[in-house]
Amino acid sequence: MLAVASTDARGRVYLFDLEDERLASSWTWSADEGGASDASGVAFDRAYNIYVADTRCDVVRSFSPFGLPGRVFGEPHDREQGSTGRDARGRLDRPHAVAVHDDVLLVACGERWLVRGVQRFALGGTVLPPLRAFGDEAGRFGAPQGLWADAAGIWVADTQHGVVQRFRVDGSFVAALATSRGEGTTSRPLAVLPLVARPLVALPLQAPAKSASPNAAASLLVADAGDAQGLVLVPPVGPLRFAPANAELVEPSALARDARGRVHVLDRHGERVVRLNEALEIERVVVDLLEVGFGS
(Lines give C-alpha, C1' and ligand atoms only; values in the text may rest on other atoms or scores of the structure.)
Protein backbone atom coordinates (compact mmCIF):
# COMPACT_ATOMS: atom_id res chain seq x y z
CA MET A 1 0.00 0.00 0.00
CA LEU A 2 1.02 3.61 -0.62
CA ALA A 3 -0.45 6.45 1.44
CA VAL A 4 -0.34 10.04 0.15
CA ALA A 5 -1.39 12.95 2.38
CA SER A 6 -2.71 16.27 1.08
CA THR A 7 -4.75 19.18 2.37
CA ASP A 8 -7.43 21.61 1.20
CA ALA A 9 -8.34 23.19 4.57
CA ARG A 10 -9.17 19.63 5.59
CA GLY A 11 -6.74 16.78 6.02
CA ARG A 12 -6.95 14.15 3.33
CA VAL A 13 -5.35 10.72 2.77
CA TYR A 14 -5.33 8.72 -0.44
CA LEU A 15 -4.56 5.01 -0.08
CA PHE A 16 -3.30 3.23 -3.20
CA ASP A 17 -2.93 -0.49 -3.81
CA LEU A 18 0.43 -0.81 -5.56
CA GLU A 19 -0.14 -4.39 -6.66
CA ASP A 20 -3.52 -3.78 -8.29
CA GLU A 21 -2.50 -0.23 -9.28
CA ARG A 22 -5.73 1.37 -8.11
CA LEU A 23 -7.05 3.85 -5.58
CA ALA A 24 -8.19 1.70 -2.66
CA SER A 25 -9.77 4.42 -0.53
CA SER A 26 -9.57 8.03 0.56
CA TRP A 27 -10.92 10.05 3.46
CA THR A 28 -10.87 13.52 4.96
CA TRP A 29 -11.11 15.05 8.43
CA SER A 30 -11.44 18.43 10.05
CA ALA A 31 -10.24 19.81 13.35
CA ASP A 32 -12.53 19.94 16.36
CA GLU A 33 -15.83 21.73 15.69
CA GLY A 34 -15.14 21.71 11.95
CA GLY A 35 -12.05 23.88 12.05
CA ALA A 36 -9.26 23.78 9.49
CA SER A 37 -6.92 20.81 9.58
CA ASP A 38 -3.83 19.70 7.72
CA ALA A 39 -1.96 16.62 6.48
CA SER A 40 1.78 16.43 6.10
CA GLY A 41 4.02 13.40 6.66
CA VAL A 42 2.46 9.93 6.74
CA ALA A 43 3.63 6.47 7.87
CA PHE A 44 2.34 2.91 8.40
CA ASP A 45 2.80 0.58 11.34
CA ARG A 46 3.06 -3.21 11.03
CA ALA A 47 -0.73 -3.58 11.11
CA TYR A 48 -1.11 -1.01 8.30
CA ASN A 49 -2.57 1.60 10.60
CA ILE A 50 -1.77 5.05 9.22
CA TYR A 51 -0.23 7.98 11.11
CA VAL A 52 -0.51 11.51 9.69
CA ALA A 53 1.12 14.72 10.93
CA ASP A 54 -1.54 17.41 11.26
CA THR A 55 0.75 20.44 11.14
CA ARG A 56 -1.96 23.04 11.67
CA CYS A 57 -3.42 21.33 14.75
CA ASP A 58 -0.08 20.30 16.35
CA VAL A 59 -1.02 16.62 16.59
CA VAL A 60 -0.48 13.29 14.86
CA ARG A 61 -3.68 11.48 13.94
CA SER A 62 -3.93 7.72 13.48
CA PHE A 63 -6.40 5.86 11.28
CA SER A 64 -7.22 2.26 10.52
CA PRO A 65 -6.58 1.01 6.96
CA PHE A 66 -10.27 1.74 6.36
CA GLY A 67 -10.00 5.36 7.46
CA LEU A 68 -11.53 4.99 10.91
CA PRO A 69 -10.00 7.52 13.33
CA GLY A 70 -7.89 6.20 16.19
CA ARG A 71 -5.55 7.68 18.76
CA VAL A 72 -4.39 11.30 18.60
CA PHE A 73 -0.81 12.01 19.71
CA GLY A 74 0.41 15.31 21.14
CA GLU A 75 -0.80 17.61 23.90
CA PRO A 76 -2.93 20.64 22.91
CA HIS A 77 -1.19 24.00 23.33
CA ASP A 78 -1.55 27.62 22.24
CA ARG A 79 1.87 28.15 20.65
CA GLU A 80 2.96 30.55 23.35
CA GLN A 81 5.49 33.24 22.51
CA GLY A 82 9.04 31.95 22.89
CA SER A 83 9.97 28.31 22.68
CA THR A 84 9.65 27.24 26.32
CA GLY A 85 5.95 26.45 26.22
CA ARG A 86 6.10 24.78 22.83
CA ASP A 87 9.36 22.93 23.38
CA ALA A 88 8.05 20.50 25.98
CA ARG A 89 8.01 16.74 26.18
CA GLY A 90 4.85 15.37 24.58
CA ARG A 91 3.98 18.62 22.79
CA LEU A 92 4.13 18.74 19.02
CA ASP A 93 4.93 22.16 17.58
CA ARG A 94 4.15 22.20 13.85
CA PRO A 95 4.77 18.48 13.19
CA HIS A 96 5.92 17.79 9.63
CA ALA A 97 7.12 14.18 9.38
CA VAL A 98 6.38 10.86 11.05
CA ALA A 99 8.01 7.43 11.09
CA VAL A 100 7.10 4.18 12.85
CA HIS A 101 9.42 1.34 13.83
CA ASP A 102 8.20 -1.58 15.90
CA ASP A 103 5.89 0.03 18.46
CA VAL A 104 7.42 3.51 18.48
CA LEU A 105 6.13 6.61 16.66
CA LEU A 106 8.65 9.35 15.87
CA VAL A 107 7.54 12.88 15.01
CA ALA A 108 9.71 15.66 13.51
CA CYS A 109 8.56 19.12 14.62
CA GLY A 110 9.16 22.81 14.38
CA GLU A 111 9.61 25.82 12.19
CA ARG A 112 12.24 27.08 14.65
CA TRP A 113 15.05 25.56 16.70
CA LEU A 114 13.70 23.04 19.22
CA VAL A 115 15.45 20.82 21.77
CA ARG A 116 12.53 18.39 21.45
CA GLY A 117 12.35 18.66 17.69
CA VAL A 118 11.99 14.88 17.32
CA GLN A 119 9.48 13.47 19.80
CA ARG A 120 8.81 9.79 20.45
CA PHE A 121 5.65 7.98 21.58
CA ALA A 122 4.74 4.38 22.21
CA LEU A 123 1.89 3.46 19.88
CA GLY A 124 -0.23 2.93 22.98
CA GLY A 125 0.11 6.66 23.71
CA THR A 126 2.89 6.81 26.31
CA VAL A 127 5.27 9.73 25.82
CA LEU A 128 8.88 8.52 25.45
CA PRO A 129 12.14 10.49 25.79
CA PRO A 130 12.83 12.58 22.67
CA LEU A 131 15.87 12.23 20.46
CA ARG A 132 18.82 14.45 21.43
CA ALA A 133 20.22 16.54 18.57
CA PHE A 134 23.87 15.61 17.98
CA GLY A 135 23.69 13.57 21.19
CA ASP A 136 23.66 16.76 23.27
CA GLU A 137 21.17 17.12 26.12
CA ALA A 138 20.63 20.77 25.18
CA GLY A 139 21.16 20.36 21.42
CA ARG A 140 18.53 21.84 19.12
CA PHE A 141 17.08 20.43 15.93
CA GLY A 142 16.66 22.89 13.07
CA ALA A 143 13.04 22.40 11.98
CA PRO A 144 13.53 18.83 10.67
CA GLN A 145 11.28 18.03 7.71
CA GLY A 146 12.03 14.33 7.15
CA LEU A 147 12.35 11.05 9.07
CA TRP A 148 13.15 7.44 8.32
CA ALA A 149 13.25 4.56 10.80
CA ASP A 150 13.94 0.85 10.36
CA ALA A 151 15.87 -1.95 12.09
CA ALA A 152 19.19 -0.33 11.10
CA GLY A 153 18.43 2.96 12.84
CA ILE A 154 16.76 6.35 12.62
CA TRP A 155 17.65 9.13 10.16
CA VAL A 156 16.55 12.74 10.62
CA ALA A 157 16.64 15.25 7.75
CA ASP A 158 17.65 18.26 9.87
CA THR A 159 16.63 20.97 7.44
CA GLN A 160 18.08 24.13 8.96
CA HIS A 161 21.37 22.48 9.98
CA GLY A 162 21.83 21.06 6.48
CA VAL A 163 22.67 17.58 7.77
CA VAL A 164 21.19 14.14 8.20
CA GLN A 165 21.47 12.98 11.81
CA ARG A 166 21.62 9.24 12.44
CA PHE A 167 20.51 7.50 15.64
CA ARG A 168 20.30 3.92 16.83
CA VAL A 169 16.82 2.49 17.34
CA ASP A 170 17.22 3.04 21.09
CA GLY A 171 17.57 6.78 20.39
CA SER A 172 21.32 7.12 20.99
CA PHE A 173 23.18 9.40 18.57
CA VAL A 174 25.56 7.93 15.97
CA ALA A 175 26.70 10.63 13.54
CA ALA A 176 25.75 13.67 11.49
CA LEU A 177 26.27 13.65 7.74
CA ALA A 178 26.57 17.00 5.95
CA THR A 179 24.47 17.21 2.79
CA SER A 180 25.91 20.42 1.34
CA ARG A 181 28.43 20.57 -1.52
CA GLY A 182 30.98 22.29 0.68
CA GLU A 183 31.71 25.69 2.19
CA GLY A 184 29.58 28.53 0.86
CA THR A 185 26.73 26.28 -0.27
CA THR A 186 23.43 25.70 1.46
CA SER A 187 21.60 22.41 1.90
CA ARG A 188 18.01 22.08 3.13
CA PRO A 189 17.26 18.35 3.33
CA LEU A 190 13.52 17.68 3.27
CA ALA A 191 13.48 13.87 3.22
CA VAL A 192 15.96 11.02 3.64
CA LEU A 193 15.96 7.36 2.63
CA PRO A 194 18.81 4.87 3.27
CA LEU A 195 19.48 2.75 0.19
CA VAL A 196 20.24 -0.92 -0.13
CA ALA A 197 23.95 -1.30 -0.89
CA ARG A 198 24.37 -1.83 -4.65
CA PRO A 199 26.25 -0.10 -7.48
CA LEU A 200 24.35 3.01 -8.58
CA VAL A 201 24.69 5.30 -11.57
CA ALA A 202 24.48 9.02 -10.77
CA LEU A 203 25.30 12.40 -12.26
CA PRO A 204 28.00 14.50 -10.54
CA LEU A 205 27.24 17.81 -8.89
CA GLN A 206 29.26 20.89 -9.77
CA ALA A 207 31.57 20.68 -6.76
CA PRO A 208 32.88 18.00 -4.40
CA ALA A 209 31.12 17.42 -1.12
CA LYS A 210 32.38 16.77 2.36
CA SER A 211 33.14 13.16 3.16
CA ALA A 212 30.85 11.30 5.48
CA SER A 213 31.74 10.15 8.94
CA PRO A 214 33.04 6.57 8.97
CA ASN A 215 30.16 5.82 11.37
CA ALA A 216 27.51 7.09 8.95
CA ALA A 217 25.12 4.85 7.06
CA ALA A 218 25.57 3.48 3.56
CA SER A 219 24.40 5.67 0.69
CA LEU A 220 21.46 7.93 1.45
CA LEU A 221 18.95 9.40 -0.95
CA VAL A 222 18.06 12.97 0.05
CA ALA A 223 15.42 15.36 -1.31
CA ASP A 224 17.12 18.75 -1.00
CA ALA A 225 15.65 22.25 -1.34
CA GLY A 226 18.98 24.08 -0.99
CA ASP A 227 21.46 25.24 -3.62
CA ALA A 228 21.62 21.77 -5.19
CA GLN A 229 17.87 21.35 -5.46
CA GLY A 230 16.49 17.95 -6.24
CA LEU A 231 17.22 14.32 -5.52
CA VAL A 232 20.78 13.86 -4.28
CA LEU A 233 22.73 10.66 -3.64
CA VAL A 234 24.94 10.94 -0.55
CA PRO A 235 27.56 8.15 -0.43
CA PRO A 236 29.38 7.20 2.79
CA VAL A 237 32.62 8.59 1.30
CA GLY A 238 33.21 10.95 -1.61
CA PRO A 239 31.24 13.60 -3.48
CA LEU A 240 27.49 13.99 -3.49
CA ARG A 241 25.80 13.22 -6.81
CA PHE A 242 22.46 13.94 -8.38
CA ALA A 243 20.30 10.86 -8.89
CA PRO A 244 19.65 10.27 -12.62
CA ALA A 245 15.93 10.86 -12.05
CA ASN A 246 16.61 14.41 -10.89
CA ALA A 247 16.40 15.90 -14.39
CA GLU A 248 12.75 14.80 -14.64
CA LEU A 249 11.64 15.67 -11.12
CA VAL A 250 10.09 18.95 -9.94
CA GLU A 251 10.91 19.87 -6.33
CA PRO A 252 10.86 16.37 -4.78
CA SER A 253 9.74 16.55 -1.16
CA ALA A 254 9.18 13.03 0.21
CA LEU A 255 10.65 9.55 -0.20
CA ALA A 256 9.35 6.05 0.53
CA ARG A 257 10.28 2.42 -0.05
CA ASP A 258 7.74 -0.34 -0.63
CA ALA A 259 7.82 -3.99 0.46
CA ARG A 260 9.86 -4.89 -2.63
CA GLY A 261 12.48 -2.26 -1.85
CA ARG A 262 11.40 0.02 -4.70
CA VAL A 263 11.91 3.76 -4.17
CA HIS A 264 8.99 6.18 -4.56
CA VAL A 265 9.31 9.97 -4.79
CA LEU A 266 6.67 12.63 -4.16
CA ASP A 267 7.17 15.70 -6.36
CA ARG A 268 5.31 18.40 -8.31
CA HIS A 269 4.22 20.15 -5.11
CA GLY A 270 2.83 16.95 -3.64
CA GLU A 271 0.71 16.10 -6.67
CA ARG A 272 2.65 13.18 -8.17
CA VAL A 273 4.39 9.98 -7.04
CA VAL A 274 6.96 8.31 -9.29
CA ARG A 275 8.75 5.00 -8.85
CA LEU A 276 12.49 4.67 -9.49
CA ASN A 277 14.38 1.66 -10.78
CA GLU A 278 17.61 0.30 -9.25
CA ALA A 279 19.67 2.86 -11.18
CA LEU A 280 17.56 5.66 -9.64
CA GLU A 281 15.95 6.50 -12.97
CA ILE A 282 12.21 7.15 -13.25
CA GLU A 283 10.50 3.86 -14.03
CA ARG A 284 6.94 5.11 -14.13
CA VAL A 285 4.38 7.52 -12.70
CA VAL A 286 2.53 5.64 -9.97
CA VAL A 287 0.06 8.33 -8.85
CA ASP A 288 -1.15 11.59 -10.34
CA LEU A 289 -3.41 13.09 -7.71
CA LEU A 290 -5.08 15.37 -10.25
CA GLU A 291 -6.54 12.22 -11.77
CA VAL A 292 -8.16 11.11 -8.53
CA GLY A 293 -9.82 14.35 -7.52
CA PHE A 294 -7.02 16.23 -5.76
CA GLY A 295 -8.01 19.86 -5.28
CA SER A 296 -11.62 19.28 -6.33
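**Ground rules**

I am working on a predicted model, where local features need pLDDT of at least 70, side-chain atom pairs count only at pLDDT 80 or more, and totals for chains, interfaces and linings use all residues. Residues are numbered from 1 along each chain as its sequence is written, and side-chain values use heavy atoms, with hydrogens and water left out.

**Entry 1: strand β16**

I began with β16, residues 163-167. Strands here are DSSP runs (E, at least two residues), just as helices are runs of H or I with at least four, and both are numbered from the N terminus. I asked myself how many residues of β16 are buried. For the cut-offs, I noted that buried means under 20% relative accessible area, exposed means over 50%, and partly exposed is in between (1.4 Å probe, protein chains only). I found 5 of the 5 residues buried, so β16 is largely enclosed by the rest of the structure.

Next I looked at the partners of β16. Strands of a sheet pair through backbone hydrogen bonds, either parallel or antiparallel. The rule I used is that two strands pair if DSSP finds at least two bridges between them. β15 (residues 153-158) and β16 are antiparallel, with 5 bridges. With β17 (residues 173-178), β16 also runs antiparallel, and 5 bridges join them.

I followed arginine 166 across both pairings. Tryptophan 155 stands opposite arginine 166, and in β17 its bridge partner is alanine 175.

**Entry 2: aromatic rings**

A pair of aromatic rings is described by the distance of the centres and the angle of the planes. Rings of Phe, Tyr and Trp (its six-membered ring) pair if their centres lie within 6.5 Å; planes under 30 degrees apart count as stacked, over 60 as edge-to-face and the rest as tilted. The count comes to 9 aromatic pairs. In one of them, phenylalanine 167 and phenylalanine 173 have ring centres 5.6 Å apart and planes at 70 degrees, so I logged the pair as edge-to-face.

Are these two residues buried or partly exposed? Phenylalanine 167 is at 0% relative accessibility, so it counts as buried. Phenylalanine 173 has a relative accessible area of 24%, so it is partly exposed. Both belong to one aromatic cluster, together with Phe134 and Phe141.

**Entry 3: an open sheet**

I moved on to an open sheet of 4 strands, in the order β4-β5-β6-β7 with antiparallel pairing. At its edges stand β4 (42-44) and β7 (69-73), each with a single partner strand, so one side of each is left without a neighbour in the sheet. For β6 (residues 59-63) and β7 I found 3 bridges. Valine 60 has phenylalanine 73 in β7 as its bridge partner.

Glycine 41 is in the loop between β3 and β4. I marked glycine 41 as buried, because its relative accessible area is 15%. Glycine 41 and alanine 97 are 56 residues apart in sequence, yet 4.2 Å apart in space, C-alpha to C-alpha.

**Entry 4: the second largest pocket**

Rolling a probe the size of a water molecule over the atoms shows where empty space is left. On a 1 Å grid over the protein atoms alone, a cavity is a set of points where a 1.4 Å probe fits but cannot get out, and a pocket is an open set with protein on both sides within 12 Å along at least five of seven lines; lining residues have an atom within 4 Å of a point.

I looked up the second largest pocket and found 14 lining residues, with Phe16, Glu21, Arg22, Val286 and Val287 nearest its centre. The elements giving two or more residues to this lining are β2 (11-17), β3 (22-29) and β26 (282-288). β26 gives the most, with 5 residues.
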